[in-house]
Amino acid sequence: MKYFYLLVFLFFPLFSGAQDLQTYVQARLQHPVLNGAWWGGYAAYDDATIFSVQADTRFTPASTLKLLTTAAALETFGPHHRFETRLYAQTAPDELGVLRGNLYLQGGADPTLGSTRVTGGETWQAVATRWARAVKQAGITRVEGNLIADESAFEGPSIPNKVNWENMGNYYAAPASPLCFNDNLFEIHFKPQPRADRFAEVEKTVPQVPGLTLKSFVTTDGKTKKDNAYAYGAPNQYEMELYGTIPTNFTGFTIKAALPNSARFAAEALHNALRAEGIAVGGHAAITQTAPDYTAMTLLDTYQSPELKDIVVIVNKRSFNLYAEMLLRNLALHAGKKGSVQNGLDELYAFLKKNNLADEKTAVLYDGSGLSRDNLVTPKTLVNTLLFMSKSPNFSYYYNSLATPDDRGDLLLLRKFLKPQKRVQEVRVKGGTIDGVKALAGYTHDKDGRLIAFALIANNLASKDEALFRIHEDIIKRLLALPGGN
């Protein structure tokens with residue numbers, strides 16, 4: 001049978017319909033890059049299957065899982081929803097402007113607080129200054145109490161259970177918090193080191209993280225330009241170790257790591273901003289997991305995030321894990337629950353079941369971003385979700401959050417697709433890559449402009465050979481070439 005498919009591929013390269021495309025796909029799967037691997041794919045119009053290969057088999061989806069999380073978020077909150085963070089004074093200041101109580105930052109689960117990653121966002125320094133000026137405008141000249149970051153909206157582990165140790169301390173697996181700040185990351189700057197096989201010395205961190213100590217065992221590699229350095233540290237752990245390699249360099253090199261506790265960092269930033277505004281603080285930065293009674297307090301400031309539609313662009317087009325995990329927890333908050341991973345997953349399952357997209361047999365989920373290798377989703381579940389969203393009033397926001405082949409986002413998964421194609425804007429994709437997994441899902445159109453949804457997933461790959469990307473590109477090109485009316 002293998003040789004039959006190879007003959008079909010060699011002697012019948014141009015196909016005119018879905019039946020031929022099924023044969024073509026199966027022939028392409030004989031490529032050596034897939035030896036010993038699993039592959040599943042599904043493509044469909046809203047009323048007809050185009051091809052199906054193990055479409056009901058569960059695969060690790062990697063970041064294509066974000067298609068489920070962002071669909072649920074858009075449908076639950078609407079595209080124009082904004083998340084809010086509030087600053088409260090425990091009491092009114094006395095006649096001398098002294099606040100004989102605490103200031104509270106109430107975490108509202110805004111993924112973007114203190115970040116310019118999303119259009120319309122502000123830097124963490126600008127946000128902290130805004131808070132300090134709100135305190136000053138309230139007539140407060142001194143704060144006798146503490147600056148308390150309220151994390152009570154969330155409960156349970158701040159990182160999903162199945163995230164592995166190698167990822168945990170790095171920015172792409174940063175802990176979630178009701179008080180995200182600066183994307184919950186910091187930069188580690190290494191000193192210049194032009195010679196290979198030498199220890200790379202840490203020069204500084206940006207921003208400075210109070211109480212943090214770093215031990216670097218990173219060495220330089222003169223044979224590659226890739227960053228292979230990893231930060232090892234757990235949430236709330238202020239002693240981190242750095243391992244791996246960075247390229248030799250003459251100007252220094254930078255990697256990004258996860259803040260141990262973003263809420264504490266936000267409170268510390270407020271402390272520094274208050275002092276810069278001439279407001280003395282008698283207490284210190286602190287964290288609470290128990291919400292105080294805000295009804296008896298004075299609201300000093302309400303900070304709003306950019307709109308959800310713009311956040312979803314970063315989740316899908318830039319594949320930003322933290323924002324996906326925050327949206328998952330926000331699903332739980334919307335349902336009146338604590339923002340835990342499990343409560344968020346329960347709400348995501350409820351969304352999928354309500355709309356007949358998936359259940360626990362077709363989707364086994366452990367996070368909202370796809371970072372865990374233990375997540376399992378069928379290709380048909382991804383396609384069903386894409387088709388469901390194509391009928392939603394929110395479709396334009398969902399569709400435009402996906403990358404085109406000429407977009408520099410989403411890991412450039414189709415970077416060789418561009419040159420021979422004039423219809424790149426008719427292809428929208430969400431990619432996913434973790435160890436042993438390469439996946440792609442999204443939309444394209446046939447020759448008549450009719451919308452097609454597809455999902456292509458490979459698991460248990462033995463190498464990082466990019467030949468699989470070429471296979472996926474070729475399948476998408478065949479979908480583009482389909483005549484209308486199929």
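User: Which residue follows α7 with a positive phi?

Analyst: This is a predicted model, in which local features need pLDDT of at least 70, side-chain atom pairs count only at pLDDT 80 or more, and totals for chains, interfaces and linings use all residues. Residues are numbered from 1 along each chain as its sequence is written, and side-chain values use heavy atoms, with hydrogens and water left out. Most residues other than glycine have a negative phi. Here, Ser319 comes after α7 and has a positive phi near 55 degrees. Helices (H or I, at least four residues) and strands (E, at least two) are DSSP runs, numbered from the N terminus.

User: Is Ala62 buried or exposed?

Analyst: A residue is buried under 20% relative accessible area, exposed over 50%, and partly exposed in between (1.4 Å probe, protein chains only). Ala62 is buried, at 0%, whereas Gln54 is partly exposed, at 41% relative accessibility.

User: Which peptide bond is cis?

Analyst: Most peptide bonds are trans. In this chain a cis bond joins Val206 and Pro207, with omega at about -5 degrees. Pro207 belongs to the loop between β9 (202-206) and β10 (213-216).

User: How many residues of helix α7 are buried?

Analyst: An α-helix has 3.6 residues a turn, so residues three or four places apart point the same way. Helix α7 (residues 308-317) is mostly covered, with seven of its ten residues buried. These are Leu308, Ile311, Val312, Ile314, Val315, Asn316 and Lys317. The cover over the buried residues includes α3, α8 (321-334), α11 (395-400) and β20 (428-434).

User: Which residues touch the most other members of the largest nonpolar core?

Analyst: In soluble globular proteins, nonpolar side chains tend to be buried together. A nonpolar core is a set of buried Ala, Val, Leu, Ile, Met, Phe, Trp, Tyr and Cys residues joined through side-chain atoms within 4.5 Å. The largest one has 58 residues, and Leu308, Leu348, Leu365 and Tyr443 touch the most other members. Contact means heavy atoms within 4.5 Å. Leaving aside neighbours within four places in sequence, Leu308 is in contact with Ala73, Leu74, Phe77, Gly78, Pro79, His81, Phe83 and Leu327. A second, separate core holds 49 residues, including Ala89, Leu179, Val209 and Phe253.

User: What does Thr213 touch?

Analyst: Thr213 is also found in strand β10 and is partly exposed, at 41%. Not counting residues up to four places away in sequence, Thr213 touches Tyr238, Glu239 and Met240. The C-alpha atoms of Thr213 and Lys391, 178 residues apart along the chain, are separated by 51 Å.

User: How many helices and strands does the chain have, and what is its radius of gyration?

Analyst: The chain has twelve helices and 22 strands. Its radius of gyration is 25 Å, close to the 23 Å that the globule rule gives for 486 residues, so the chain is as compact as a globular protein of that length. The radius is taken over C-alpha atoms, and the rule is 2.2 Å times the number of residues to the power 0.38. The C-alpha trace spans about 90 × 55 × 40 Å along its principal axes. Buried residues account for 56% of the 486 residues.
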